[in-house]
Amino acid sequence: YMNKDNFLQQFQLNSTVGYHPESVERVSHINDDQLRKAAVVVGLVEREDGLHVIFTKRAAHLKHHPGQISFPGGKHELSDPSMQFTALRELHEEVGIRSNQVKIVGQLPTLSTISKFLVTPIVVMVDSDYKAIIDENEVASIFEVPATYVLDQAKLHSHTVNLKKIKHRVFAMPFQEHLIWGVTAQIIQSLQQHVVQQIT
């Protein structure tokens, strides 16, 4: 069981931890000036049984990462004043959650992806009475996973693959019929390091 207070206390007291060195290695050859900025929302909702985390399943017809499980988010537009603005704008566009239903808690370190994005994860609290309005061009569905599950290191599997003689670490987290992997799982791994689950 992890409630809002436990989470916030740990999130704000602990210093941020970067990403697993073996999962960062494979993008180390990409120059920052080749990267396009993007932001995602790690949305936390208080429920009776503790915090839950919001995930979306991406639409099957999308060019990038079709059908994958991800956090709501997208590309930074030149008119966006900040990455936090980008995150909240995308949250609203994709799943209909308005910025007045959200309180920003903080952010995780930026993460470079193999598809040449520099992703900033923004951590927010979302009002528990939000109503999802899905943009079907982008999102197939929205679902919540208990934070105790997401933050449980035993639920996050990792293995190494050898690509071009370099070891890369790949993370995956199964949940019901879903498999959370890729950048989303890397962000979860960073969050797990940051908010160390209290073993009771």
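1. The side chains of His178 and Glu177 make a polar contact at 3.5 Å. The model is a predicted one. His178 lies in strand S11, which covers residues 178-181. Its relative accessibility is 12%, so His178 counts as buried, the cut-off being under 20%. Leaving aside residues up to four places away in sequence, His178 touches Ile69, Phe143 and Met173.

2. Gln176 sits in the loop between S10 and S11. Most residues other than glycine have a negative phi. With a relative accessible area of 65%, Gln176 is exposed.

3. Lys116 is another point to check by eye. Lys116 is not a glycine, yet has a positive phi of about 70 degrees. The residue is placed in the loop between strand S6 (111-112) and S7. Lys116 counts as partly exposed because its relative accessibility is 34%, between the limits of 20% and 50%.

4. Helix H3 runs over residues 83-95, 13 residues in total. At 1.5 Å a residue H3 should span 18 Å, and the end C-alpha atoms are 18 Å apart, so the two values agree.

5. Both ends of H3 deserve a comment. Just after H3 comes Gly96, which has a positive phi of about 75 degrees.

6. What does the buried part of H3 pack against? The buried residues are Met83, Thr86, Ala87, Leu88, Arg89, Glu90, Leu91, Glu94 and Val95. They pack against strands S1 (36-47), S2 (50-58), S4 (73-75), S5 (102-107), S7 (117-126) and S8 (139-146). The buried set includes the charged residues Arg89, Glu90 and Glu94.

7. The largest pocket has a volume of about 920 Å³. It is lined by 41 residues, of which Arg58, His64, His65, Ser115 and Phe117 are the closest to its centre. Two or more lining residues come from each of S1, S2, strand S3 (69-70), S4, H3, S7, strand S10 (166-175) and helix H5 (182-194).

8. Which element gives the most to the lining of the largest pocket? H5 does, with five residues. By class, the lining is made up of 16 nonpolar, 14 polar and eleven charged residues.

Definitions and conventions:
Residues are numbered from 1 along each chain as its sequence is written. This is a predicted model: local features need pLDDT of at least 70, side-chain atom pairs count only at pLDDT 80 or more; totals for chains, interfaces and linings use all residues. Side-chain values use heavy atoms; hydrogens and water are left out. Helices (H or I, at least four residues) and strands (E, at least two) are DSSP runs, numbered from the N terminus. The expected span of a helix is 1.5 Å times one less than its number of residues. Buried means under 20% relative accessible area, exposed over 50%, partly exposed in between (1.4 Å probe, protein chains only). Contact means heavy atoms within 4.5 Å. On a 1 Å grid over the protein atoms alone, a cavity is a set of points where a 1.4 Å probe fits but cannot get out, and a pocket is an open set with protein on both sides within 12 Å along at least five of seven lines; lining residues have an atom within 4 Å of a point. Grid points are joined across faces, edges and corners, and a volume is the space filled by probe spheres set on the points. A polar contact is a pair of N or O atoms within 3.5 Å; within protein, one must be able to donate a hydrogen and the other to accept it, and residues adjacent in sequence count only if both atoms are side-chain atoms.
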